[in-house]
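Please have the structure open as you read.

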Amino acid sequence: MSTSQIAFLKGHGTENDFVIVPDPDNGIDLPASVVARLCDRRAGIGGDGLLHVVRSAAHPEAQAMAAAAEWFMDYRNADGSIAEMCGNGVRVFAHHLRQAGLVEEGDLAVATRAGVKQVHIAKDGDITVSMGQGLLPQEHVTVTVDGRSWPARNVNMGNPHAVAFVDDLAHAGDLYSAPEFTPTAVYPDGVNIEFVVDRGPRHVAMRVHERGSGETRSCGTGACAVAVAAARRDGADPALTGSPVTYAVDLPGGTLVITEHPDGAIEMTGPAVIVAEGFIDPAWLETVIG
């Protein structure tokens, strides 16, 4: 990894925050140890994850998508592990591209490890992401915290989720460590676990433990998984009713609006903010690499 000056930005989507590393030509090596230190809130910049901004044609994992999407979101969890997709991250990623003058308002395609995602950047600043479809594997899952257990809905949004409806969000515990789930074979690579309460008609609130990051202030794919699970629980499956269904999903960092259409397509709308930019100190980076 080069120890020359590396530019970074800091941004968030409903307080799900990210270190952003622009690297159009994919010239920066980001091993897990460096990503983890950059995301460390005491020893680094701090973030729930890292957005490595690369042209699709320059990244071996995204070259096949280059004709459909110029930009690839090479997303990493806070512990440095690679993740397929991050809904809040896509909004922040798109906002950065727009702020940097690399794209215009309107429609944008972004390549991710979960496929190409369609994004719309509105004039008012809100960003809508087409999140694909929620898959509903049939395995039964149980989530346990502090001796309490709940059945959880298995939802896959390009990454795995277990959605548990509870009476009180405090029942989720501190979420510093991952809640237990069974059977463990259902999620061999770990899982994002959402705890959900009702706030009103088509209105829920949630907390989430994101694998590799712990509890975060917001999770876009998690909010989508929650809306999908809530619609099935409420008898509002759009594929059966023929009508779109929209849920407001409150997270600790703000509210996301999730709409599922009869064809299964899911859209997520919410804000994105860039709060700072600067350069990583090469001398500090040398100590991390060493």
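## Cavities and strands

The lining of the second largest cavity draws at least two residues from each of α3 (220-233), β15 (245-251) and β16 (254-260). Helices (H or I, at least four residues) and strands (E, at least two) are DSSP runs, numbered from the N terminus. This is a predicted model, where local features need pLDDT of at least 70, side-chain atom pairs count only at pLDDT 80 or more, and totals for chains, interfaces and linings use all residues. Residues are numbered from 1 along each chain as its sequence is written, and side-chain values use heavy atoms, without hydrogens and water.

A cavity is a set of points on a 1 Å grid over the protein atoms alone where a 1.4 Å probe fits but cannot get out, and its lining residues have an atom within 4 Å of a point. Volume is the space filled by probe spheres set on the points, which are joined across faces, edges and corners. There are 2 cavities of 30 Å³ or more.

| Cavity | Volume |
|---|---|
| Largest cavity | about 60 Å³ |
| Second largest cavity | about 40 Å³ |

Among the residues lining the largest cavity are Tyr 75, Asn 159, Asn 192 and Glu 210. Val 228, Tyr 247 and Ile 266 are among those lining the second largest cavity.

Now to the strands, which pair if DSSP finds at least two bridges between them. β10 (residues 160-165) and β12 (residues 192-200) run parallel over 5 bridges, with Phe 165 bridged to Val 196 in β12. β12 also pairs with β13 (residues 203-210), antiparallel over 7 bridges, and there Val 196 has Met 206 as its partner.

Key. On a 1 Å grid over the protein atoms alone, a cavity is a set of points where a 1.4 Å probe fits but cannot get out, and a pocket is an open set with protein on both sides within 12 Å along at least five of seven lines; lining residues have an atom within 4 Å of a point.
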